[in-house]
Amino acid sequence: MLKRVHFGPSALPFILVAPQIIITVIFFIWPAGHALYQSFLIQDAFGLKTEFVWFENFEVLFDDEHYLGAFQRTFMFSILVASISMGFALMLAAMADRIVKGAMTYRTLLIWPYAVAPVAAGALWVFMLDPTLGIMTYALGGLGYEWNHKLNGNEAMALVVIASAWKQVAYNFLFFLAGMQAIPKSLIEAAAIDGAGPLRRFWTIIFPLLSPTTFFLMVVNVVYAFFDTFGIIHAITQGGPAKATEILVYKVYNDGFVGLDLGSSAVQSVILMGIVISLTVLQFRYIEKKVEY
Amino acid sequence: MAQVRLDQIQKTYPNGFKAIHGVDVEIAEGEFIVLVGPSGCGKSTLLRMIAGLETVTEGTMSIGDRVVNDLEPADRDIAMVFQNYALYPHMNVFDNMAYGLKIRGLAKAEIETRVKKAAEILELTDEQLTRKPRQLSGGQRQRVAMGRAIVREPSVFLFDEPLSNLDAKLRVQMRVEIKRLQERLGITSVYVTHDQVEAMTLGHRLIVLNAGVVEQLGTPIELYERPASVFVAGFIGSPSMNFAAAKTADDGRTVQLGGAEFALPDGIFTDTADRDVILGIRPEDLTLAAGNDSATTMTASLVEHLGADTLVHGYFGTDRSDMTIRLGGFHHIADGDALALQVVPEKIHLFDPETEKRLG
Amino acid sequence: MVENRPMVTLISHIVLILGVLTIAFPIWITFVAATHDAVRMVQIPLPLWPGGMFFENLEQALLKGIEGATGLGVGFMLLNSLVMALMIACGKIAISLLSAFAIVYFRFPFRMGFFWMIFITLMLPVEVRIIPTFEVVANLGMLNTYWGLSIPLIASATATFMFRQTFLTIPDELLEAARIDGAGPMQFFKDILLPMSRTNIAALFVILFIYGWNQYLWPLLVTTDRDMYTIVMGIKQLLEAAEQAPEWNIIMMTTLLAMLPPVAVVVFMQKLFVKGLTETEK
């Protein structure tokens, strides 16, 4: 924590932390606190009277079927994005770990989508799956399937899932590969001598030893799906059609900025805060500890 | 050059742990003093207190005529060589040595003169001066660390186990170099090590520390020939001194161990009649007796051949303490052999069983 | 290599190559689209191979935009993105270095309090506090400014934690040697700590530049003035304006422009980039 060798108290450390603390207080803590406070209030239409109502706003929200729908959708969305992108990345990492030469070349070729903004990823995929002009729509048409995500809610969800997962494969690949390369070769050799073939070695030795990485990536991917995908939704489906792709983070924005329902937006923000806090606590408490061999 | 004085120096940590229990030492100008002891005995702590890297809880620390308790390390006119060298990895050798001088505002020309002079003393080439630490070998890094200390031309040199990270051969070589260096420059030096060979060869005087207490302060030979306690006796000398619980005879002229009898020297020990003692004999002080009629016979249980010496482990008579003797050269001895031994009475050490202090 | 099974190696390579192609496919299509003219881009099926209109499209995207939009190109947006990304990256690194230095190397009252305050920011991404933060920025008159775009994003904890980690691994003896050499805290910081943290700073810069460049939600809220739009917002603008008759060639060219700087950074600084990612996630 604190180095054994350190400087004693003076004015200097306060000056050093000041910039970060000041910005943190003004732009993080104060607004978060404000949102928290507001979520416990009801304001009348004219903003004249405010009433402290404890958790009533939360109850109202959870009664709202639109909100519950968004909640459900977000969970499903994040599970899909996490599993698809992690599964794909795991397979590629396993292959790359297996070959001795060229692993780093493949890594170079596979990691750059990390740099692509979610909006851009969305733009790419909405272009390829455009109902009239998309190249993939054309291919699907050839197979007899009519794709139109502007009308079909499930297809819209599929579109955003694919766009989100596509981008995340790079990140997951990087960490899976690093995790696999950190496994001592001697363990794998011992397993081989014991008679285990490549597939069995993967599932009984490599994968279990990869579990810290896997858990870590699960949390990161869920957080990504919850928050970083805003750009994708906003750019290509705007939560539609008919709210089929309205996830929680989009709803906060939509209700607050577009619908100007500040109260509901504040409450939703607080709930999202709660989710992030639990995920972060989960990450630090249980996962960081397990990272040792 | 200055003398260093420690007056009743104590160190207690905030958590209550008392690391140093009251040390009084006067180090003369130009003296090479070695602080030696096992891990955790407080020798590094004491050194760091002289340096100013640790605070003194009680007592007075003086360098030269100044009391330095409250002075920052930079103001004490000391220089330190660290165990891990502590070279700034991103600076080349020249800059490493020049850093302290630069901060003190010395002129560039003066800095260059000093660094070049130190490099010459340490046999560092001009080319090496341009290299970064990671491009140097362990021994070279060690020299750079010393160079950094030399250019400061301080009153006191402090060494914190500087040779621990070197391999055995290099250690011997560097040991000799350090000794030559100190003799040439004549700067008061305080040197910390856990290696008693280093201590014996380098120090004008040694301070043996045990759990924050000074066990003995004296020249190497004093410590070897007249150790003040069991601890010092066992610490100095390798293989270490043999100890066994024994009893002196009624007339106080011999000490008995499991049936074997050793003659005590005249006039050295007092109050040695008929009492329990701890008998101490160094392995190298037991030699093979000429005839077979010695009163001290050891039964051999294990023999180790080192080439230059032979180590024989065994026991005396009915006493089952494991004793070791060192015989020069190769001896053909088998397990179970009875060896007739002799020892010069002056080489016998007796210690009180309770205080573990030397008797007489 | 545990056993010598050429078949498995071959399959591995094939899978990897297919993976690379799958990942690269959308980019390829985008690039192709950016090289054709508007007429070709409404004929089904859309092309799979590049045309020759790259530079014309580039010019149009940068300067003229598309029908139904403002008639302005997106060139200025690139500038906005660049300024924002640089401000975020440099700002974050600067304040994090100072905070990490203070927290690791000084004992002072409220030290742990400050540490936890900074830690909290890990749990408060901008998406969970958009409206109140917007209010604060608006009240401070920072809307539609580069400051408003970057300052609220620079205080989060990841950089501070990474530097803290780095500093903790620097040997204690270096500080002791520096103290004996007579260096004060800021001198130590400047002469020893900073140079030794060079690679970490560079790695973090790569990550933060990408993070800053790709920011979407926050710039969306904070800019109402068209002049301040960033390039990633520009993509959305074009998609929106093109609901009826999309000019995909220009849209895709704009998308390429938006992707190019971050991807270039990743490709040319791969080592630093990987280091930055793995270091910040500890």
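This is a predicted model: local features need pLDDT of at least 70, side-chain atom pairs count only at pLDDT 80 or more; totals for chains, interfaces and linings use all residues.
**Chain contacts**

Of the 2 pairs of chains in contact, chains A and C share the most contacts. In this pair, 84 residues of chain C are in contact with 84 residues of chain A. On the chain C side, helix H1 (residues 6–33) of chain C gives the largest share, 13 residues. Chain B meets chain C through 17 residues, which are in contact with 14 residues of chain C. Strand S6 (78–81) and helix H2 (93–103) of chain B each contribute at least two residues to the side that touches chain C. Chains A and B do not touch, and their nearest C-alpha atoms lie 8 Å apart.

The table gives the residue classes for one side of each contact.

| Side | Nonpolar | Polar | Charged |
|---|---|---|---|
| Chain B, touching chain C | 13 residues | 3 residues | 1 residue |

**Nonpolar core**

The largest nonpolar core has 273 residues, and among these Ala120(A) and Phe173(A) touch the most other members. Helix H7 (residues 153–181) of chain A supplies the largest share of this core, 17 residues.

Ala120(A) also takes part in contacts with chain C. Leaving aside neighbours within four places in sequence, Ala120(A) is in contact with Val232(C), Ile235(C), Thr255(C), Ala258(C) and Met259(C).

Terms used:
Residues are numbered from 1 along each chain as its sequence is written. Chains are lettered from A and ligands numbered from 1 in the order in which they are written. Two residues are in contact if their C-beta atoms, placed from the backbone, lie within 7 Å. Helices (H or I, at least four residues) and strands (E, at least two) are DSSP runs, numbered from the N terminus. Ala, Val, Leu, Ile, Met, Phe, Trp, Tyr, Cys and Pro count as nonpolar, Asp, Glu, Lys and Arg as charged, and the others, Gly among them, as polar. A nonpolar core is a set of buried Ala, Val, Leu, Ile, Met, Phe, Trp, Tyr and Cys residues joined through C-beta atoms within 7 Å. A residue is buried if 20 or more other C-beta atoms lie within 10 Å of its own, exposed if 12 or fewer, and partly exposed in between; C-beta atoms are placed from the backbone.
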